[in-house]
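Visitor: I am new to this structure, and I would like to be walked through it slowly, one question at a time.

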Amino acid sequence: MGVGLLYHLAEEGCTDVLLIEKGELTSGSTWHAAGQCPSLIGDYNLAKIHAYSNNLYPRLEELTGQYVSWHASGSVRVALAQEDLDWFRYMRGIARNIGFHLEIIGIDELKKLNPFFDTAGVLAAAWTRDDGHADPAGLCNAMARGARNMGAKIVKHNRVTDIRALPSGEWEVVTEKGNVIAEIVVNAAGCFARQISQMVGSDLPISNMQHQYVVTGPIQEFADRDEEIPVMRDPYASAYLRQEQKSGLIGIYEQENMAAAWAPKGYPNWESDSELFPENLERLMPWLGRAMERMPIFEEAGIKRIVNGAISHCADGNPLLGPAAGLKNFWLCCGSSFGIAQGAGCGKYLAQWMLYGDSEINMTGLDPRRFGAFANDSYMDAKGFQDYGRTYFTPFPGEELPAGRPSRTSPLYEKLAQQGCVFTETFGWERPKWFSLDGREEDYSFSRNNVFEVVREECLAVRERVGVLDLTGFSKYDVSGADAEAFLNRICANRMARKNGGIVLAHILSELGRIAGEVTITRLADDRFYVLSAAGAELRDLDHLLQSRNESEQVEIENVTDNRGVLVLAGPRSRDVLAKITDSSLGNGSFRWLSGQEITVAGIPLRALRVNYVGELGWELHLPIEEMEALYDAIWEAGRDFGIANFGLYAVNSLRLEKAYRGWGVELTNEVTMLDADMERFIKFDKEHFVGREATLKQREQERVMQLIYFEVDALDSDVRGGEPIFVRNNCTGVTTSGGYGHFVKKSLGFGYVEPRHANPGTELQIGLLGERCRAVVIRDPVHDPSNERLRA
Ligand SMILES: Cc1cc2nc3c(=O)[nH]c(=O)nc-3n(C[C@H](O)[C@H](O)[C@H](O)COP(=O)(O)OP(=O)(O)OC[C@H]3O[C@@H](n4cnc5c(N)ncnc54)[C@H](O)[C@@H]3O)c2cc1C
């Protein structure tokens, strides 16, 4: 991972860069890895990272002059159930977008690629032709040589023993061979990464585990063939199986007996170098037996060697790529469980981010600040354990996984659970997703499932009556001081409301004009602002706020996320409900849309904001968190006569799509600008300055590359999730970002980015939904209440 970054920093022309290695290169986890580089990976952006690596590695020897043993064997993953096949179909769309080969093949084809594989129970398989495996040391040394050739430096046998912050903002890196002053430090210390971050008072959500593969004796059948078999991946054996020279190799991700799989947190000591753990065959049962069933020639060859090495697992399985929370110029490039497959791609996109302020791919799901203090040891262990065991599980849309939960809860957690609430986790918070009123559980599926009708009822309650939702997970900051207004106007593209009580939707841009954050800001007083952001953005936006503040500016920033609870009350009868429990006037004359006031509801002083993400008359009520239960009870009681209902985030997605509200992290990401996202109305160019202004103005003069579209699609029984290819005739012209079914308008809706010439309203497109091409039409206005009459009601 570190060398991958070094290579790409150097390639971008940044050569004043030094990699410090305590042993030999690769002497941590890399030297003993099995070296597989799969293309099939469930996360769209991670798949881009894998695809980049798989494109570079075969060329690396030519580029660097260093031998690389790239085996272009391709890979085959087998489907044992219809759901596995559905996932392959979804992934085939992603492959089409990203540009790697993924073909769904039948048993006959599979047998041609690997005649030794027992296909019992196999329905079909995903064949990724252009990936393979390589000797990890060869890859690492080739990138190291390439980096050196371009001017980067590497010092080996030199341990970093401490890292100190200097008053200049630089870092003093203390090593065995002397100290180094660095403007920027990147922690790429693999399984040692926690210890390195602890040197600067930080921590990481990774757990180190032991992972084993087995190498068999020589196999005559392999010796007799010219062609190598593909790397096989099989959920039945929870294993990868491949050819290693003329022998077999089986790696197991055991799903039970895993307690023994935990390595200590980090290594026992710094001296650990090129270390393997004692082999433990017992732990691999019954999976190893199943693997042998699949490839009987492996069983005949017997086991020659077992490799048991260290592997770090991050709580959600994705690497940690980006700035460390709360620190300036301290970056992370670690936490990868597939560091061979990801090393080059992670290096490529992290280098872009470090050097230019943004990467060309969406880094939201990789940014280390997706974890906070809630990711403590027990959370990380539970999650890492779960992630490891699920390596060969098909990831279902919307699937809730139990490990490490609950972590952060609102005071309403128990009460809502008793009402059937099914929660989803965001940034540790348990947030209502849907309400099971009849005890049903969600049948996870790639198609619409048994929750579809439940969500419809929740949506109708909000559109026709009134709904209540606990959104305590919102990130919340109080920003105050004499310069607060000027500060916020400088870091946001929109202008702060001029009148006290005014609310604006504002965007934090990078210098390149890309979207770094989306916040809702209420002006509470001349010098007091209330800033709200997505739950998952708590630390990112806090960093933005704190690190953007100049020393001369009188601005105080306080993260009040944990102090304040939030209830959303929305729907045509929301005013009637609220009026029963407050003396404040709620009419348009005294409480207009897009304004906020400090009022008392049910005896509780709170901030009421007339704004919401579902596009109805309604209020967000922000209150001292300890009063949540009292307020909820009062609202519920007052709402009975009006048919009040709980609703959750599934419903919110449907409702916001009907209003064409973009989502942060999906439509609004670091990959795109406000112009790309068709959000120009939220930019105030008449402000003399805001971060990203120049870049945005420049882009206005340039030819556009992509454009956000909002569309309606003739979906059959599955809706857009994001990542699906968009076609015009037979050409793939773009990608969807998110979608779902609009229950009130009875339309399947979505967003995506396409070439601008295909973005005009009325343009006919096709969306690849689970392999079916479905007709779609670009629409201009929100399908529900385009003139915001209901919001203003
Ligand atoms: C059995 C097994 C099989 C695997 N197979 C695969 C596979 O097929 N494909 C795949 O993609 N992944 C595989 N992996 C995972 C892969 O090995 C890791 O994801 C990858 O090696 C991580 O790379 P890294 O650069 O983050 O860590 P490392 O390779 O551990 O590099 C970190 C480096 O930091 C150095 N360091 C640490 N502390 C200090 C310090 N204080 N001062 C100086 N230097 C320091 C270490 O010496 C080390 O060399 C496998 C893992 C195991 C255990």
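**A guided look**

Guide: T26 is buried, its relative accessible area being 13%, where buried means under 20%, exposed over 50% and partly exposed in between (1.4 Å probe, protein chains only). This is a predicted model, in which local features need pLDDT of at least 70 and side-chain atom pairs count only at pLDDT 80 or more, while totals for chains, interfaces and linings use all residues. Residues are numbered from 1 along each chain as its sequence is written, and side-chain values use heavy atoms, with hydrogens and water left out.

Visitor: Which residues does T26 touch, not counting those up to four places away in sequence?

Guide: T26 sits in the loop between β1 (18–20) and β2 (36–37), strands being DSSP runs of E with at least two residues and helices runs of H or I with at least four, numbered from the N terminus. Contact means heavy atoms within 4.5 Å. With residues up to four places away in sequence set aside, the residues touched by T26 are W31, A137 and C140.

Visitor: Is L281 buried, partly exposed or exposed?

Guide: L281 lies in the loop between β15 (247–252) and α8 (287–294). Because its relative accessibility is 35%, L281 counts as partly exposed.

Visitor: What share of the residues in the protein is buried?

Guide: The protein has 20 helices and 37 strands. Its C-alpha atoms fill a box of roughly 85 × 60 × 50 Å, taken along the principal axes. Of the 793 residues in the protein, the buried share is 61%.
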